[in-house]
Amino acid sequence: MNTQRICQLGALVTALACGHAAAATTTDNSNATLIQHGHYAAIAGDCVACHTAPGGKPFAGGLPLPTPIGNIIATNITPSKTAGIGNYTEQQFSDALRRGIRADGAHLYPAMPYPSYAQISDADVQAMYAYFMHAVTPVDVATAPTRLPFPFNIRQSMAVWNLLFVDNKPFTPDPGKSPEWNRGAYLVRGLTHCSDCHSPRNLLMAKQSSRDLAGGELDAWLAPNITSDVNSGIGGWSSQDIVDDLRSGHATGKAQAAGGMAEAIDNSLQHLTSADLLAIATYLKAVPAQHDPADTQPVYSWGAAFDELDSLRGVPLPKDANQMSGAQIYDAYCSTCHQARGQGSFDGGLPSLFHNTATGRSQPGNLVMVILHGIQWQSHGTDVRMPGFAHELSDQQIATLGSWLTRHYGNPSASVSADQVKTLRAGGAPSHLLLITRLAMVVVVLVIIAIIGMLIRRKRRKARSTGHS
Amino acid sequence: MSLQSSADVVVIGSGICGSLAAWRFATQGASVLILEAGPRLDRGRIVAAFRNSTRRGDWMSPYPPSPWAPHPIYKPKDNGYLVQAGPYPYPAEYIRAVGGTTWHWAAQAWRLLPNDLRIKSLYGVGVDWPMTYEELDPWYQEAEEIIGVAGAPNTGSPRSKPFPMEPVAEPWSMRRFRERLAPSYAVVANTVARNSRSYGGRPACVGNNSCQPICPVNAQYTGDNAADAAEAAGAKLVPNAVVYRIEHDAQGRIAAVHYYDPDKTSHRVTGKTFILAANGIESPKLLLLSASSKYPNGLANSSGMVGRHLMDHPSSSLTFYADEELWLGRGPQSPSSINTLRDGAFRSEHAPYRLDFTNISQVYSVTQYLIKEGVYGPEFEKQLRWRAARQVNVKNVLEVLPDPDNRITLSSEKDAMGIPKPEAHYSIGDYTRRAADVSKADFARIAELMGGTGLRYSADGQFANNQHITGTMGMGSDPATSVTDGYGRTHDHENLFICSTGVMPTAATMNSTLTAIALALRTVNHIQPAPAPTSSTTSAAREESHA
Amino acid sequence: MATNPPNDLTTRLYDPADPTRRRLLAGLLTAYTASLIPALAEPAPHADRGAFTALSAILVGRQALDSVQATHLYDALAVNNPYFAADVQALLGLIDRRHIDPMQLQSVLDAEHSPLAPLPRNIVGAWCLGIVGSGEAARCIAFETALNAVMVADVLKPPTYAYGVYGSWASKPV
């Protein structure tokens, strides 16, 4: 590291020394280029998603990230010297980003995806450092400190966790693969950190590397399987489908992004170059397939146009809204945009509900979430792409509607219950991680006490048997 | 659940004016109670009701009246609620429900012209308003930012700040009108409370072409949004509360209002300030109903003007076939109009008018026509397509002058709650009829420019009504000839204010809703001035507060 | 001409692969009446329904009519009208005997003060508007699948249905 730093300084000095007459312009240009490069990398890494609170100043932190063990508050990473990273050296910046260690030596929680960012190249780190130091406005407002419940407030335990679960090695290209695949691998495994949402995690919240990108749960949303599996994943998607989805948030006849993915596309992925998006697509299409046996055909291939209009027209709605049939609810609230047969608008801009992963998955949780919350993009003012119906529809109505949708437009084995809607409406099933960890600790302590007790007894027995002869 | 029986501010009527006034009071810390005669409605159910309706051209078909709070309906037969005294029919349509009549408007949200407020001084007709356009300008702006108005600036109404939104995308049919009518006529995008982008947490228009009777996606602002915002800001809203009497004290200050619930149990509500916002027919009806020994002619009626000077906008029209396929029905219902005939020296002789182009799908009316004409067999589809693609319409929106004989009174007939029904006395004067004749030349010229055939003028002397109920509680500086002052305060009762299209003393040529909202905001500000501007009063925050 | 997206309403009515969606009968059509529609001959289960469907096809000028819709409309038209089936047969017979062109039919019936004069209007109103009866007795049977909506479905959505994403109506209709 020190050698590298000296080399960098040397390079800078050399650059300054050479071309003296045009030095100022060259340095400005190369600085500007470096900063622009760093800006792009920061977009790819989607730093704003966590480090900018809604309505807050860019990168000033303060956003609480809900985790099963409590809220982790994202920090101020503006170059403020009092409240941010203004005093960080490039090494310290790199350590925080790639090793999860702050300037004061404390560990960061892996809500900061440093295990993924470990793959980021030195060149990108250097550029990002330049961007954050020179192009981001300092905000001298400190964020609230993160206070997690015992034992998770002991940051030092992260060292053990890192040892067990984190591979710190930076990305090395695979010479047997194309440059495009390598670029895609670098992005996906590193900056765009897709596996942080899309990979399943073990009990201690570490990613299961053997099931990379097979799908992950985030509170109430499911980040789906994006491996090359033809049924469960995106194996049947063309590269263009993937690029379309990452740029515009939907792929016709396949899927559309909602929840956290809509946010990721809005803030980050839609701004990547076409070449980078194609690289990501190339890499994803080669990720080893992970198959869920529940998916007996591609999740986007279910359903067909359908209506029950003959039974609806001229029939008054029941007074009790919870007695409305699925077809009646669809007619009143959904068919306006998704059309009478679920086929979507002429140009596909208002999507079809069949041949759509929204209705085709064997787990319909995301369907319920979209009905509740709609789809809104936020980066240029609120863009309501689909309104939510949490206010208009009861748990029972959403259950009736959801089951009707999956039966006729999607996977008929996926049905929705009112209890499920109630849970999702409240933000998902509560995690027991805290309870389990504390129980485990109690067990460990009891075991240690028992072992010590055993040892003491043995010692006493020995003393008795030897000490009185 | 205990019913609230007292509040700082009591608002009668939860339509767009009443609800926005309530919202403004509530955000400024007042306790507010809104009493609404009708029920709460659900947008999805209205959509389903319309699709299941047997009367697709009847905008009231998805809004059946409640027995305890009836509103007028005319199909399949007249329910006789708005008694017609003549000589000319006044078949007003309105909705008594939470959110009021803007559930089914076309979201036309126009400003007046500066001269509209001075037609007496300028042209010797009508009356002058007790304020200038310049005084109204900032309130117009605020109203536009609250409800989200999209428009083009070249309509004759000056403005100091831009619209909150760009004009709504122009349908192909309207573009062809604009291109072919130039330079004889300037066709411009209408000023509408319709989203050309997401605004206020509501999506942009997706072209349902059913603005009337219902916008299924809430891309156009409705009184329901205002009622939601008022409740979110802390106002209490009691639906199914039919106010039947306003009670005053010995000094003439309003002390309380009395309302029936659907079981006809009477409730009394007290307050400090009272806002009457029950539309231009129900409000004067209530004032007249509240007659007492001290006020034998009804409340706020020392001038005798309550209910008088009833005005609306009559329309006559021309329907014809253009010589190219335009296919009305793609996009919003009322996208474009001609605004250059709204003012001029001629106003001393005949009424000004706006010329409106409709974009309402012609399929339903053509189908009815073909069936009536006995067009059967393969010809039916051919003709349906040919006519639906080419049939277009231009109509005028005519000013009527305030005439004291045009008025709302109490009928001797009573509704199901035993409350006297409103009675309409209406006629359309020569000032307006002369303008209808003049406009036929414009109609003919427009048809000519569009290669029109099959010209069908509406019958002479027969006018369609536009449901812009104005004049019945007119503003003015002279208590002898007006019901309220320029701030909507009734001359007779210092704590009774009116927020309604009914306070407009002249009708001009524009749909009255935006003006009524601007006046309502100005009235609230007069009663309880807003605190000094902070970031929370920026337009973005206003937009968000209505999300 | 627009390419219809698959699975739209027109496909639902005209799917040539689905035999249940074609209901015309050889038995009730003569050479003349068959000539009024591109004929497809299949026996129908119910002579009454068959006659109704044949007459409907002549009046609305379409060879393929949805059988479920036909049943609903028939039931709605026949309720409270015990003569309906007989009237339908009579009108079909009349058209055939006198070789009446559909475009002349109403004026012929009106001129002759025929008791069958209201019948074509009722049937066409049912198919093309989806409405049976009038005034307070009117009933809605169809809206999106009423033929007037189907006949323009390549260009227009029925009112209340979204045309498409914001701005999509600015383009020239195909």
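Which strands of chain B does helix 10 of chain B lie across? The views below come from a predicted model, in which local features need pLDDT of at least 70, side-chain atom pairs count only at pLDDT 80 or more, and totals for chains, interfaces and linings use all residues. Residues are numbered from 1 along each chain as its sequence is written, while chains are lettered from A and ligands numbered from 1 in the order in which they are written.

**View 1. Helix 10 of chain B on its strands.** Helix 10 (residues 430–449) lies across strand 10 (317–321), strand 12 (353–357), strand 13 (391–398) and strand 16 of chain B, and runs at about 150° to strand 13. Helices (H or I, at least four residues) and strands (E, at least two) are DSSP runs numbered from the N terminus; contact requires C-beta atoms, placed from the backbone, within 7 Å; axes are lines fitted to C-alpha atoms, for helices over the stretch in contact, with angles from 0 to 180 degrees between N-to-C directions.

**View 2. The open sheet of chain B.** Six strands, in the order 4-11-12-13-10-16, pair in the antiparallel sense, where pairing means that DSSP finds at least two bridges between two strands. Strand 4 (187–189) and strand 16 (453–457) of chain B stand at the edges with a single partner strand each, so one side of each has no neighbour in the sheet.

**View 3. Strand 4 of chain B beside strand 11 of chain B.** These antiparallel strands, the latter spanning residues 336–338, are joined over three bridges, and Val187(B) has Ile338(B) as its bridge partner in strand 11 of chain B.

How values were computed. Contact = placed C-beta atoms within 7 Å.
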